[in-house]
Every structure is written in C-alpha cells, then in structure tokens.
Amino acid sequence: MKRPGFLNSVVRKYTAGYLIMAVSVIIFLVLNTAENYYISGRYSTATGELISVNRLESSVNDLNETVNIAYLYLSSEGSQEYDSARGIVERELSVINEQLGDDYLRELEDAEQTVMTYMEACDSIMEGISAYISGEGRGTESYVSLEAEYARLQRLYTYVGVTFQDTYAAMLDQFDIMEQEIGRLHRYTIIFQAVFIAAVALICAFYLFTVIKEISLSIRKLMRGVDSIRDNIYQAEPIDISSNDEFEELADAFNRMMHLIRLQMDKIKENADVKERLAKLEVENLRIYSELQKSHLNFLQARINPHFLFNTLNMISSLARMEDADRTADLMETTASFLRYNLDNISKTVTLRKEMDNLRDYVDIQQCRYGDRYSYSFDMAPETEDFEMPCMILQPLVENSIQHGMAMMLEGGQVWIRAFQTETEVCLEVRDNGVGMSEERIQEIYEELERSDASSNHIGLRNIYRRLKLFYGDRVGFRMEDMAPGLKITILISKEG
Amino acid sequence: MKKNGENGGAGTAFKKSIISLILAVAVLCIAGITGCVRGLQGSAGTEERPMTRVSVIFPHSDDGYWSLITEGIEEAYEELGEEYGIDIKFYIPQLNYNIPQMTDILRQQVAARVDFIIIQGNEDEEFRQVLYEAHDAGIQVICVDTPMEDFPYDLYIGTDNLEAGRLLGQELSELTDGKGDLAVVSGSPGYKNLDDRLKGLREAISAYPDMHIKKIAYDEYDGLTFMQLYHSLDESANVLVCIEGTGGQTLSHTYSEKDTKYDFVVGFDSFEGAETGVLDGIVKQDTNGMGRRAVEEIARYVSEGEYSSRIIYTEAFWLDQYNYDEVMR
C-alpha cells in the first residue's frame with residue numbers, strides 16, 4: 001500500500017528531480033543577477049563620484065574665470081556672474097557630500113576644504129573689487145592689497161588644482177582597487193557557481209540514478225515474480241517492493257492475485273479429490289449393487305426350496321403334535337420361525353428386538369443340538385429394543401463363536417450377547433469364552449474386511465461388515481478383541497447422522 | 001511493508017538530495033559570501049566620516065633617520081588610526097630640506113584646513129609665517145625632532161638636544177682623553193636642535209682645556225657639500241664632529257672602514273658608521289619613539305582634548321662599535 005507523501009508516484013519522483021534542477025538554476029540566475037547588479041552599482045557609484053568631482057572642479061574653474069574677469073576688468077557684471085558661479089560650486093559641493101554620505105576620502109576632503117578656503121578668498125577679493133568699483137577703496141593701498149589678495153587667490157587656485165589632481169589620483173586608485181575587488185568577487189562567484197553547478201549536477205545525478213535504479217529494480221522484481229509463478233505458483237515468493245509508488249501498488253495487486261489463484265487452485269484440487277472419491281464410491285456401489293442383484297437372483301432361485309422346506313416343517317410339526325412328540329414339534333416350529341425370519345427380512349431393516357428374538361430361536365435350535373455343552377446369556381437394554389438395523393447381523397457372530405471359538409470345548413462354553421447404548425452410540429456385543437484370537441490374526445481379519453477382492457475366508461464376517469457399512473456408512477465401527485479367554489466382537493453405531 | 005532495503009530508495013534519496021543540496025548551498029553561500037566579503041575588504045577605500053586629518057611634512061626621506069620616524073608614525077597609526085579616527089598623510093619635498101617647497105606644502109595643508117600638522121621646526125621666516133597662519137586657523141602644530149624658537153607650537157616631541165650635545169661632548173672627551181682640536185659640521189644655520197647640540201657640546205668640553213672647537217661649517221644637509229668640507233676643513237683639527245646626521249651618513253656610505261684623515265670622528269644617528277667603525281661613536285636618538293609618540297599624543301588629544309605635555313623628550317644613547325649590538329637590541 002502506498003504511503004501518503006509527495007514522492008508516492010513515479011511521476012512525482014521525476015518531478016522532484018527536475019524541481020531540484022529548476023531551483024538550482026534559479027539560484028544560479030539570481031546569484032548572477034545579484035552579482036551583475038552589485039558590480040554595475042559599484043561602477044555606477046564610482047563613475048558618478050568621479051563625474052561629480054570633475055563637475056566641482058569645472059565649477060571652480062568657472063568661478064575662477066569670473067573672479068579673473070571681475071578683477072581684470074573691474075566689471076560689476078562680473079560680480080553677478082561670480083554669485084552665479086559661486087552658487088554652482090556650492091551646489092556641486094553639496095552634491096558630492098550627498099553622494100559620499102558618511103564615506104570619507106582624504107584627498108577629496110582636502111580638495112573640498114581647499115575649495116572652501118578658495119571661495120572665502122574669492123569672497124574677500126570680490127568684496128574688495130566691489131568696494132573699488134563703488135569708489136569706496138580706490139587708494140593705492142587698496143590696490144596693493146587687492147593685488148596681494150589676488151596673488152594669494154591664484155596660489156590657492158593652484159592648490160585647488162593640486163588637490164583635485166590628488167583626488168583624481170586617489171579616486172583612480174580606488175577605482176583600481178574596486179576593479180581588483182570586483183575581479184576577486186567575480187572569481188569567487190565563478191568558483192562558487194562552478195562548485196554549485198557541480199554539486200547540483202552530482203546531487204541530481206545521484207537522485208535520478210537512485211530513482212531509475214529503483215524503477216529498474218522494481219521491474220526486475222516483477223519479472224522475477226512473474227517467472228516464479230510460471231514455474232510453480234506454490235513455491236513463488238510474494239513480490240516485495242517498497243518503493244512507495246505505482247510499482248509497490250502493482251506488486252501488492254500481483255501478490256493478492258497470486259494468493260487468489262492459489263486459493264482457486266486449492267479448491268479445484270479439492271473438488272477433483274472429491275470427484276475421484278465419488279467416482280470410486282460409485283464404482284463400489286455398482287459392484288455392491290451387482291453383488292446384491294446376484295445374491296437376490298440366487299435367493300430367488302433358492303426361494304422355492306425354503307418355502308417347500310418351511311411348509312414341510314409345519315406339516316412335520318403338526319404330525320409330531322398328533323403323535324405327542326411335543327419337543328420335536330417345538331423344535332420344528334422354532335426352526336420354522338427362524339427360517340421365516342430369514343425369508344421375510346433378508347432385504348429389510350428390523351428392530352433389535354426382532355433380531356434378538358431370531359437369535360434366541362437360533363440358540364434354542366443349537367441347544368437342541370449341543371445340549372448343555374454351551375450356555376447363552378442375553379442382555380438387551382430396553383431403550384435399544386426399537387433400534388433399527390439390517391437383519392441377520394448378530395446370528396452369524398454367535399454361529400462363529402460356536403463353530404470356531406468354542407468348537408473344541410465339550411462343556412462350559414458360554415456366549416454373552418449384549419445390546420446397550422451410550423450417549424453417542426448403540427453397542428452390540430457378542431463375546432465367548434472360546435480360544436480367542438491373536439492380535440496379528442485380528443489385524444489380518446481387519447485388512448481382509450477392507451479388501452474388495454475377498455478370499456473365501458471369513459465370508460460371514462465380511463458380509464456383516466459390508467452390510468453394516470452399506471447401511472450406516474461411516475457411522476458404524478467394527479471391533480474385535482481377544483479377551484483371553486475368548487473373543488469379543490463389538491459393533492458400534494453412532495446415533496448422529 | 002519494509003521501508004529500508006534495496007527498494008526503498010527514492011524518498012530517502014530525495015531527502016538525502018534535498019539535505020545535501022541545502023548543505024551544499026549553505027556551505028557554498030558561506031564560502032561565497034566570505035570570499036566576496038574578503039574580496040571587498042582590505043581596500044583603502046572610503047571610510048566613515050568624520051576623520052581627524054593629519055599632515056606630516058618631513059624634510060627628508062633618507063633611510064636612516066626620517067624614515068625611522070616615519071616608521072614609528074606608521075606603526076602607531078596602524079594601531080590607533082582606526083580606533084581614534086585619525087587619517088595621516090605624508091608630504092616630503094622633492095629636494096631634501098627644501099624650505100620653499102616645504103612652505104608651499106604647508107600652505108596647501110593650511111588651505112585644506114587639516115586638523116594636525118607635524119613638521120620639523122625651522123626658523124625660516126616664511127615657513128614660520130605660514131605656521132602662524134595654521135596656528136591662527138586652529139590647526140594643531142606639532143614639531144618633531146626640532147622645536148622652534150619663540151613659536152607657539154602645540155607640541156614638541158624629540159630629543160633634548162642640549163643634553164644630547166652634552167652626551168656627545170662627554171663621550172668625545174673620554175675618547176680623546178680630553179685633548180683635541182674639533183671641526184664641527186652642522187646642517188644649516190637657524191635650526192634650534194643643532195644650535196642646542198652645539199651648545200651642549202661646548203658645555204661638555206669646556207671642562208677640558210685642551211679641547212677646542214676650531215671650525216664650524218654647514219653642509220646644508222647635502223652629502224657632496226659635506227665631503228667637500230670633509231677635505232677642506234681646518235688642517236689643524238684632528239677631531240671631526242658631525243653634529244647633524246647627514247655628515248655621518250655620508251661617511252658611512254663613502255668609507256668601509258675608519259679614515260685616517262681625522263683621529264676621531266663622532267656624530268649623530270649614523271648607525272651604519274658606528275657599526276663599521278667609520279665613526280668612533282654616535283649619539284643615537286629614539287627616532288621610532290618620536291614618530292610613535294606623535295601619533296599617541298594626537299590620539300590622546302582627539303580623545304581627551306589635551307596632550308600629556310607640551311614638550312616631550314625622547315631618549316638618546318651613545319652608540320659605538322663595541323656596544324652596538326647591546327644598544328640596538
């Protein structure tokens with residue numbers, strides 16, 4: 001499942017890489033622009049200052065020119081021009097001071113102060129000239145004084161020129177230093193930009209390489225996943241991609257699909273097994289049905305004889321009564337009852353009570369035959385009397401006990417027949433005190449009971465077992481135990497189902 | 001879902017990339033800014049106003065005396081200039097000790113209304129006149145090495161030349177065992193420092209009846225003139241006293257060992273001559289201290305409005321071939 005966040009898709013991952021590049025380019029451009037702006041500002045300021053100084057010098061030259069004219073020609077117009085020129089010098093001075101602000105340059109400071117000294121001298125001489133023109137001071141002394149002042153003024157003018165030359169020299173020195181600084185700045189900027197671009201290129205390369213590698217790895221994992229499914233879906237490992245993008249989603253979907261396919265395949269397999277079992281059962285049913293049909297046919301073929309025998313037995317019994325042979329008559333009737341039970345119920349279910357009654361008939365007949373050689377004990381719980389079951393289940397077991405278990409006993413043979421129930425089962429038990437049976441033999445009999453290709457041994461047991469299985473299915477259990485002495489056979493029928 | 005491992009990378013890589021980018025930009029910016037700032041520093045560009053403007057007008061730029069005073073000023077300026085807002089500019093005439101040129105420079109400084117003028121005092125009338133103008137304009141006048149007679153200079157820093165002359169006389173009398181005819185070569189007339197030295201010398205040798213000053217001549221601070229005098233002074237003189245530095249310096253450069261023309265040659269401030277033995281001994285002034293002290297006193301005046309004293313004497317030592325290392329150390 002993708003986690004929330006900006007980088008949870010391939011497009012966004014690529015976009016992030018391009019964003020890094022874009023930001024870097026912007027930083028690069030901003031830096032370049034800032035550098036250019038700074039450099040042009042420096043040049044502009046320096047040039048502006050130089051031009052201002054030059055304009056100040058020009059204005060001082062103009063001022064000196066007006067003073068010269070006023071002095072040489074003693075012209076009153078010269079005085080007006082002087083005021084104008086002086087105003088220009090003052091303005092230029094203020095412009096320079098404004099430009100410089102708090103900055104200080106010794107040579108310029110000297111020049112400005114010298115200009116101010118010169119202006120004061122100009123004022124002084126212009127006052128003298130004005131006085132001379134107005135006629136107030138036209139004496140020789142005044143003239144001499146004016147001459148001396150003019151000489152001083154021209155000396156100051158020379159100093160003004162010198163200080164301006166010094167100022168230009170200093171400013172050009174500064175200009176030179178500024179150019180060196182700008183050169184240094186430019187070098188640093190170029191180095192910075194080069195390193196910056198290199199760093200950004202490396203970072204972007206690293207980042208994009210990581211993204212591409214991740215995508216490639218995801219694709220390879222998906223391919224491996226597909227291959228492993230093709231080879232064997234049960235051995236295929238889930239695809240593990242945690243790239244937090246569409247590939248991770250695809251891997252998750254793939255893993256879910258693989259899980260579903262496995263489930264479907266399991267179900268198909270299970271169904272196939274069930275079908276196979278059903279087919280086997282069907283074959284077995286067909287075989288049993290065939291056997292039943294066959295036995296039924298046999299039974300029908302043999303039916304004439306039992307009926308004939310049954311009628312004959314009744315006739316003999318009546319004859320015995322007439323001749324007062326009651327014991328014989330009873331035996332005939334018991335035998336007839338036993339035979340009738342067999343004939344009437346061979347293909348039906350009977351109650352346990354009927355089965356027990358029939359078994360008693362059989363025991364009576366056997367007692368006539370063997371006398372007190374064997375004794376029989378019946379124990380049937382009343383709640384089991386109406387329990388439905390196939391007929392002729394218990395009689396063969398008792399017959400087995402007589403013929404095999406106790407055949408060698410001349411006396412003291414005992415057969416116990418019990419019917420009871422637990423909470424879950426109805427139990428039918430036939431036990432004798434005969435020779436019993438070894439565990440190995442019991443196991444052999446169990447195996448024979450399960451085999452369909454049965455031999456001629458234990459036909460009676462196998463017949464009982466199969467009939468029970470057909471009637472009860474998996475609800476019935478068949479158990480043989482060596483009781484030393486004797487053998488106990490127990491039929492357990494589950495009440496449920 | 002695992003977060004680590006081989007396939008977890010774009011988010012982590014992006015975070016790493018962003019952090020790397022930020023770090024790289026930060027480091028580069030710091031480096032760039034530092035570099036740029038460093039690039040913009042160290043220039044002799046404009047500074048903040050107001051500054052105390054000091055103009056130093058020295059007569060000479062030799063490598064033995066005035067250059068040492070200049071060094072002292074520069075060293076102290078380096079230490080105190082920025083702190084006290086002092087700006088110092090040096091002016092030297094094209095010709096050594098050219099009074100008219102120095103006077104013109106002085107006028108320029110007065111016109112430029114500087115705050116302090118440091119000069120070597122001299123008694124030239126025009127020079128004095130301009131100095132008076134400076135003084136009247138409120139400019140602080142500081143005399144170094146040489147004071148001025150009857151002039152209201154604001155500060156004098158230099159050797160007590162009278163004492164220096166006495167020291168020279170005493171050492172010379174010891175060298176000559178109190179016997180000798182002296183020829184004295186001075187710079188120019190009208191320099192109070194030289195007059196004081198001569199006065200001190202006279203006082204010192206006055207205790208020795210066999211020591212006499214036979215001749216006093218002036219080399220006008222010029223080596224060629226000195227050498228002409230060297231060979232043409234009074235024939236009877238056996239001791240040459242260069243009471244001003246030019247003589248001793250010229251001899252030091254001319255000879256590599258002591259010349260036989262005079263039995264004894266002594267002078268002022270010619271370290272090389274003292275070391276090689278061309279001169280038997282000299283009085284060494286604390287030239288560096290003069291320059292340094294001048295700036296210190298200006299700083300003091302700027303901050304406190306007064307000097308520590310109007311006259312400040314710096315030390316003077318006797319230096320010869322034998323104690324050269326000890327004294328110079």
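I will start with confidence. The model scores ipTM 0.77 and pTM 0.60. For chain B the mean pLDDT is 86, with 85% of its residues at 70 or more. Two stretches of chain B need care. Over residues 1–7 of chain B, pLDDT stays under 50, and the model has 14 contacts there beyond four places in sequence. Residues 39–46 of chain B also have pLDDT below 50, and that stretch has 14 contacts beyond near neighbours in sequence. Where pLDDT is low, the predicted coordinates should not be read in detail.

Now the overall make-up. Chain A has 10 helices and eight strands. Of its 497 residues, 26% count as buried. Chain B has 11 helices and 13 strands, and 46% of its 329 residues count as buried. On contacts with a separation of 6 or more, residues 24 or more positions apart account for 70% in chain A and for 72% in chain B.

Next, the cores. The largest nonpolar core has 72 residues. Among those with the most contacts inside it are A:Val67 and A:Ile125 from chain A, and B:Leu106, B:Ile117, B:Ile118, B:Ile142 and B:Ala294 from chain B. Helix 3 of chain A, residues 106–134, gives the most to this core, with nine residues. A second, separate core of 36 residues includes B:Tyr191, B:Phe226, B:Val239 and B:Val265. As background, nonpolar side chains in soluble globular proteins tend to be buried together.

What does B:Ile118 touch, leaving out residues up to four places away in sequence? The list is B:Val54, B:Val56, B:Ile142, B:Val144 and B:Ala294. Two of these, B:Ile142 and B:Val144, sit on strand 5 of chain B, and that strand is my next topic.

Strand 5 of chain B covers residues 140–144, and five of its five residues are buried, so the strand is largely enclosed by the rest of the structure. B:Gln140, B:Ile142 and B:Val144 point one way, while B:Val141 and B:Cys143 point the other way. Burial therefore applies to the whole strand, with five of five residues counted.

Strand 5 of chain B has strand partners too. Strand 4 of chain B, residues 116–119, runs parallel to strand 5 and is joined to it by four bridges. Within that pairing, B:Ile119 has B:Cys143 as its bridge partner. Strand 4, helix 4 (residues 125–136) and strand 5 of chain B together make a right-handed β-α-β unit. Strand 6 of chain B, residues 155–159, also pairs with strand 5 in the parallel sense, over three bridges.

B:Asp145 lies in the loop between strands 5 and 6 of chain B. Its phi is near 75°, a positive value in a residue other than glycine. Is B:Asp145 buried or exposed? B:Asp145 is buried, because 25 other C-beta atoms lie within 10 Å, and the cut-off for buried is 20 or more.

A:Ala484 has a positive phi of about 40°, although it is not a glycine. A:Ala484 counts as exposed, because it has 10 C-beta neighbours inside 10 Å. The peptide bond between A:Ala484 and A:Pro485 is cis, with omega about 15°. A:Pro485 is in the loop between strand 7 (476–482) and strand 8 (487–494) of chain A. For background, most residues other than glycine have a negative phi, and most peptide bonds are trans.

Last, two helices of chain A. Helix 6, residues 326–345, has 20 residues and reaches 28 Å from first C-alpha to last, close to the 28 Å expected. Its buried residues include A:Leu331, A:Met332, A:Phe338 and A:Tyr341. Helix 7, residues 352–370, has 19 residues; the end C-alpha atoms are 26 Å apart, which agrees with the 27 Å it should span at 1.5 Å a residue.

Which residues of helix 7 of chain A are buried? They are A:Leu352, A:Glu355, A:Asn358, A:Leu359, A:Asp361, A:Tyr362 and A:Val363. These residues pack against helix 6, helix 8 and strands 2, 3, 4 and 5 of chain A. Just after helix 7, A:Gly371 takes a positive phi of about 65°.

Notes:
Residues numbered from 1 in each chain as written. Chains lettered and ligands numbered in written order. Predicted model: local features only at pLDDT ≥ 70, side-chain atom pairs only at ≥ 80, totals over all residues. Expected span 1.5 Å × (residues − 1). Buried ≥ 20, exposed ≤ 12 C-beta atoms within 10 Å, placed from the backbone. Contact = placed C-beta atoms within 7 Å. Pairing = 2+ DSSP bridges. Right-handed = clockwise from strand over helix to strand, strands pointing away. Core = buried A, V, L, I, M, F, W, Y, C linked by C-beta atoms within 7 Å. pLDDT = per-residue confidence, 0-100.
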